[in-house]
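Dear colleague,

Here is the structure you will be taking over. My notes on it follow below.

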Amino acid sequence: MSTTPRIAFLASQIDDAQEALAALTTRHGQCQPEEADVLCALGGDGFMLQTLHRYGSLARPVFGMKLGTVGFLMNQHREDDLLERIHAAEPAVLHPLEMIAQTESGATVGSLAYNEVSLLRQTRQAAHLSIELNGKPRLDELIADGVMVATAAGSTAYNYSAHGPILPLGANVVALTPIAAFRPRRWRGALLKGDTEVRFRVLDPFKRPVSATADSHEVRDVVEVMIRESRERTVTMLFDPEHNLEERILSEQFEA
């Protein structure tokens, strides 16, 4: 990174983010993401995920500032010392999940997820799913509202709401978490090595249709979904030292 980094400012459509965009570009200038040293995302966690999906292939570090309703993946919004904060920031390297979904119509759809891939029932009927890990059957039938595979960065989001575990950053594990499981009644999910290939098969796709969602990308009427951690695609997020992502994940586990 150069002494004075070239910054591409990206903002959500909310008024606060647009005002911050105008102020920051007036002070620091603006460049295209492809020409930038750092991307600066202004918004909430949802906008951060949009930024990672849209520009992750550029392999530029991303410094986010919270101007939305949720900001677990963001730093506090301050405009005065941005360059100093970027230089002092601690990096967190994330590996997204790769999802490959087969649909009832025969289509194959691929997508990436930085938080989680979730399978959900589409109707009032519970989903019936089987689970394979690295090609070996592990659960012949899960009856539930759904199931998900979550990264460490995403483990404090939907996964945590479904009573899944919070994962330490850098532990090279993912969480396999059921959503409102009916049977097996006592199954609470599993912790898996990051390189585990997880395959879900929908056992009755016509009577009990299931959708698959990678972050915000939904695929309807799936019959089989394969999920694995990507080792080719990584993203680097930058955090203020006092509020780095590892500390936030740890703090979540001790909040009253």
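A salt bridge is counted here when a side-chain nitrogen of Lys or Arg lies within 4 Å of a carboxyl oxygen of Asp or Glu. Please keep in mind that this is a predicted model.

By that criterion the structure holds 12 salt bridges. One of them joins E224 to R201, with 2.5 Å between the closest N and O atoms. E224 lies in strand 15 and R201 in strand 12, so this pair ties together parts that are 23 residues apart in sequence. E224 counts as buried, at 19% relative accessibility, while R201 is partly exposed at 29%. Through shared partners, salt bridges join E98, E132, E197, R199, R201, E224 and R228 into one network.

E90, E242, E246 and E247 form a negative surface patch. Of these, E242 is in the loop between strand 16 (235-239) and helix 5 (245-252) and is partly exposed at 48% relative accessibility. N115, in the loop between strand 6 (108-113) and strand 7 (116-121), is buried at 11%. Leaving aside residues up to four places away in sequence, N115 has contacts that include L49, L73, V149 and D215.

Regards

Definitions and conventions
Residues are numbered from 1 along each chain as its sequence is written. This is a predicted model: local features need pLDDT of at least 70, side-chain atom pairs count only at pLDDT 80 or more; totals for chains, interfaces and linings use all residues. Side-chain values use heavy atoms; hydrogens and water are left out. Patches are made of residues with over 30% relative accessible area and no salt bridge: like charges are joined within 9 Å, nonpolar side chains (Val, Leu, Ile, Met, Phe, Trp, Tyr) within 5 Å. Accessible areas come from the Shrake-Rupley method with a 1.4 Å probe; for residues, only the protein chains shown count as cover. Lys and Arg count as positive and Asp and Glu as negative; His and the chain ends are not counted. The place of a charge is taken as NZ of Lys, CZ of Arg, CG of Asp or CD of Glu. Helices (H or I, at least four residues) and strands (E, at least two) are DSSP runs, numbered from the N terminus. Buried means under 20% relative accessible area, exposed over 50%, partly exposed in between (1.4 Å probe, protein chains only). Contact means heavy atoms within 4.5 Å.
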